[in-house]
Amino acid sequence: MMCIMKIKKFIWIFILLILWQITALSGKVSPLIFPSLGMILKAMVHAIIQGELLSQTLFSIAIIIEGLFIGAILAFVLAIVSRMSESLNSLVETLITLAHPLPGIALLPIIILWLGTGRASIVFIIVHSVLWPLLLNLITGFRATPKVYSDVGRNIGLNRLVLLKEIHIPASLPYLISGFKIAWARAWRALISAEMVFGAVGGKGGLGWYIFKQRVFMDTAGMFAALVVIMLIGILVEEVLFERVEVLTIRRWGMTEK
Amino acid sequence: MIELLNVTKSFSKGKEKFKVLEDISFSVNKGEILCLLGASGCGKSTLLRLMGGFDLPDSGSIAMNGSKVSKPTPDSILVFQEFNQLLPWKTVLQNVIYPLKVNHKYQSDQKRREHAEKYLEMVKLEGFYHSFPHQLSGGMKQKAALARALALQPSILLMDEPFGSLDALTRQSLQTVLLESWDKTGVSIIFVTHDIQEAMEIADNTLQRPRSIGSSEYMKLYEKLYTILCEK
């Protein structure tokens, strides 16, 4: 089943690429704003050989990993805090209600005022985009833990903290993984927009800055090359990394459908 | 062993208060099996959870080996009706070993493993040590849960309709497994069920156990229990 789904996906991607190529070569659109696949590929190869696309990508990925890491730690801490008492739980929920609907990009002007336009600001915005969905999923996962698991845990003599670590966290793994998927997607969005606004810091501005810069040079193919890189990374993380994690954990343990 | 004195428990639902248990007193001695028999919703599970220390009574006292029951302890293990009482992220063997580790039984992993295997063998689960719970049938899951409980060598097993969701044949074989394990370990058992026949197969406390199902004695006892239940 999974395999057929994947093949279907590839066939659709192939069809879309052909449609793209037909449009580009039809002569009805200017190659200046709608480059052909060949031009995009050439721009990509050129940018990779030249080294800039790769180094900007690595710069972006490093920032995103840092943001995800800090966001995840904060989410765990807040989720644990919310379990400690009724009032603390209410505090954490209030924080989520206030902060979750706020798009990271809306914070940009304030962050520039507070932290300047350096790397720290981008990390801050990623942490903001990652923290709330992750926290929300963690708390939901804790709540959804079947009562019988915690009863068993209490019965064999686990204290509250160990119960959380040994029972609630593994039991909410399906929620945790989907939380990370949402967080990852949000982090990318926030990162690219922030990089576009902040521009280069010491010659490096990440993929967002790279796309922005290519527009200034009217290098449309180069812009698409960077978009393709973003998509490829997205697919790699979604279909390979998350897939692998799911196969090794929740699917192996029968904690999810499929 | 375990002694209940004038135990009362009520639940509030909105403004109304429901008295679920009123003035319950009884005791179970070491090595005895007691069946709590009654229709659904009559408070059997509530009583069992009180005995396990999962909830506290409104009034009255519950004491185990002379000391008051105030929280769950590994000395009295509750076995649930739900098939998902095993931790899905651990294999059958790990599910049995983990509570031993938590309670510092044995120094080495090797010893704990041998101990766990002994109990899995006792409930006839050889060959499934490395399966994950979702790969097991309902009956096998309940066997594993029983092995996990027995391996801790508790003084008392509290069983909350553990075979309630099984088909008749599987239930019968699990009843046999339970009685055999009880023979070997000498653990006290409080067994909740709504099934008169099951109560008669397992209990040795309420009345003498009539072994042969067809006998007139058996039918008499069945009738008697049935009338008591229906009057309620």
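Modeller: Start with axes: they are lines fitted to C-alpha atoms, for helices over the stretch in contact, and angles run from 0 to 180 degrees between N-to-C directions. Helices (H or I, at least four residues) and strands (E, at least two) are DSSP runs, numbered from the N terminus. This is a predicted model, where local features need pLDDT of at least 70, side-chain atom pairs count only at pLDDT 80 or more, and totals for chains, interfaces and linings use all residues. Residues are numbered from 1 along each chain as its sequence is written, chains are lettered from A and ligands numbered from 1 in the order in which they are written, and side-chain values use heavy atoms, with hydrogens and water left out.

Colleague: What makes helix 6 of chain A roughly antiparallel to helix 9 of chain A?

Modeller: The angle. Helix 6 (residues 119–144) of chain A packs against helix 9 (residues 173–198) of chain A at about 165°, with the axes 8 Å apart. Angles under 35 degrees count as roughly parallel, over 145 as roughly antiparallel, 65 to 115 as roughly perpendicular and the rest as oblique. So this pair is roughly antiparallel. Its contact residues divide into 18 nonpolar, seven polar and two charged. (Ala, Val, Leu, Ile, Met, Phe, Trp, Tyr, Cys and Pro count as nonpolar, Asp, Glu, Lys and Arg as charged, and the others, Gly among them, as polar.)

Colleague: Why is helix 2 of chain B called roughly parallel to helix 4 of chain B?

Modeller: Helix 2 (residues 92–102) of chain B and helix 4 (residues 138–151) of chain B pack at about 25°, with axes 9 Å apart. That angle makes the two roughly parallel. Helix 2 of chain B contributes Val92(B), Asn95(B), Val96(B), Pro99(B) and Leu100(B) to the contact, and helix 4 of chain B contributes Ala144(B), Ala147(B), Arg148(B) and Ala151(B). (Contact means heavy atoms within 4.5 Å.) These residues divide into seven nonpolar, one polar and one charged.

Colleague: How do you know that strand 1 of chain B and strand 4 of chain B pair?

Modeller: Two strands pair if DSSP finds at least two bridges between them. Strand 1 (residues 2–13) and strand 4 (residues 59–64) of chain B have five, in the antiparallel sense. Glu3(B) stands opposite Ala63(B) in strand 4 of chain B.

Colleague: Why is Asp183(B) called exposed?

Modeller: Asp183(B) lies in helix 5 (residues 168–185) of chain B. Its relative accessible area is 62%. Buried means under 20%, exposed over 50%, partly exposed in between (1.4 Å probe, protein chains only). So Asp183(B) is exposed.
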